[in-house]
Amino acid sequence: MSRIGKLPVAVPAGVEIKLDGNTLRAKGPQGELTLNVHPDMKVSLDAGEVLVERPSEQQRHKALHGLTRTLVHNMLEGVAKGYSKTLEIQGVGYKAEQKGNSITVSVGYSHVINFTPVAGVTLKCPNATTIVVSGPDKQTVGHTAAVIRNFRPPEPYKGKGIRYQGEQIRRKAGKTAGA
């Protein structure tokens, strides 16, 4: 039995969950999400808990068991609390500006980069060097943060660029004068 897959997922307070065949819908204070469960996996609702069961001991079913349980858990936590990632901008003249739900990023190119996120993702700039990406879907929040980071990934010599909060950049020494 999968150690992750066999654990029941508790439904948080304030979250409504519906199961229609292989489609699981969750609605909460942060929004609404839908998950299409693999046809081989059996999902059942029991008194405030969601249980995921697999049909056999095949390797494929074992992998799907843990994956499906984790996707359900992330979905329920997302509609209840939401997810967020914070990006830091480092470099002289590098900055971000918020315009509605989109941002304008200036990171050393000859032009500024205008970025509008997909529906369900919110961008905030508390100051010129910080971007907060938030929303109910963990995968979409992470993907949006990765797209913004790729505008100017941190470089190893001076550390300039866009990085995740708390990310450690491995620094290089650079050139030295010829002998």
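Residues are numbered from 1 along each chain as its sequence is written, and side-chain values use heavy atoms, with hydrogens and water left out. Because the model is predicted, local features need pLDDT of at least 70 and side-chain atom pairs count only at pLDDT 80 or more, whereas totals for chains, interfaces and linings use all residues.

Helices (H or I, at least four residues) and strands (E, at least two) are DSSP runs, numbered from the N terminus. Helix α1 comprises 22 residues and spans 32 Å from its first C-alpha to its last, close to the 32 Å expected at 1.5 Å a residue; the expected span is 1.5 Å times one less than the number of residues. The buried residues of α1 include H61, L64, H65, R69 and N74, where buried denotes under 20% relative accessible area, exposed over 50%, and partly exposed in between (1.4 Å probe, protein chains only). G82, with a positive phi near 90°, follows α1.

The loop between β6 (49–53) and α1 (59–80) contains R54. With a relative accessible area of 13%, R54 is buried. The side chain of R54 forms a polar contact of 3.0 Å with that of E57 and another of 3.2 Å with that of H65. A polar contact is a pair of N or O atoms within 3.5 Å; within protein, one must be able to donate a hydrogen and the other to accept it, and residues adjacent in sequence count only if both atoms are side-chain atoms.

The largest pocket holds about 200 Å³ of space. Pockets were identified on a 1 Å grid over the protein atoms alone, as open sets of points where a 1.4 Å probe fits, with protein on both sides within 12 Å along at least five of seven lines; lining residues have an atom within 4 Å of a point. Grid points are joined across faces, edges and corners, and the volume is the space filled by probe spheres set on the points. L33, T34, L35, L71, N74, M75, Y83, P136, D137, K138 and Q139 form the lining. Two or more lining residues come from each of β4 (31–36), α1 and α2 (138–149). By class, six of the lining residues are nonpolar, three polar and two charged, with Ala, Val, Leu, Ile, Met, Phe, Trp, Tyr, Cys and Pro counted as nonpolar, Asp, Glu, Lys and Arg as charged, and the others, Gly among them, as polar.

N74, one of the lining residues, belongs to helix α1 and is buried, at a relative accessible area of 18%. Beyond its neighbours within four places in sequence, N74 contacts Y83 and K138, contact being defined as heavy atoms within 4.5 Å.

Strand β5 (residues 42–46) includes K42. Residues up to four places away in sequence being set aside, K42 touches L51, V52 and E53. The C-alpha atoms of K42 and V141 are 28 Å apart, with a sequence separation of 99 residues. In the loop between β5 and β6, A47 has a positive phi of about 35° although it is not a glycine. Most residues other than glycine have a negative phi. A47 is exposed, with a relative accessible area of 87%.

T122 lies in strand β11 (residues 122–127) and is partly exposed, at 31% relative accessible area. Not counting residues up to four places away in sequence, T122 touches N101, V132, V133 and S134.
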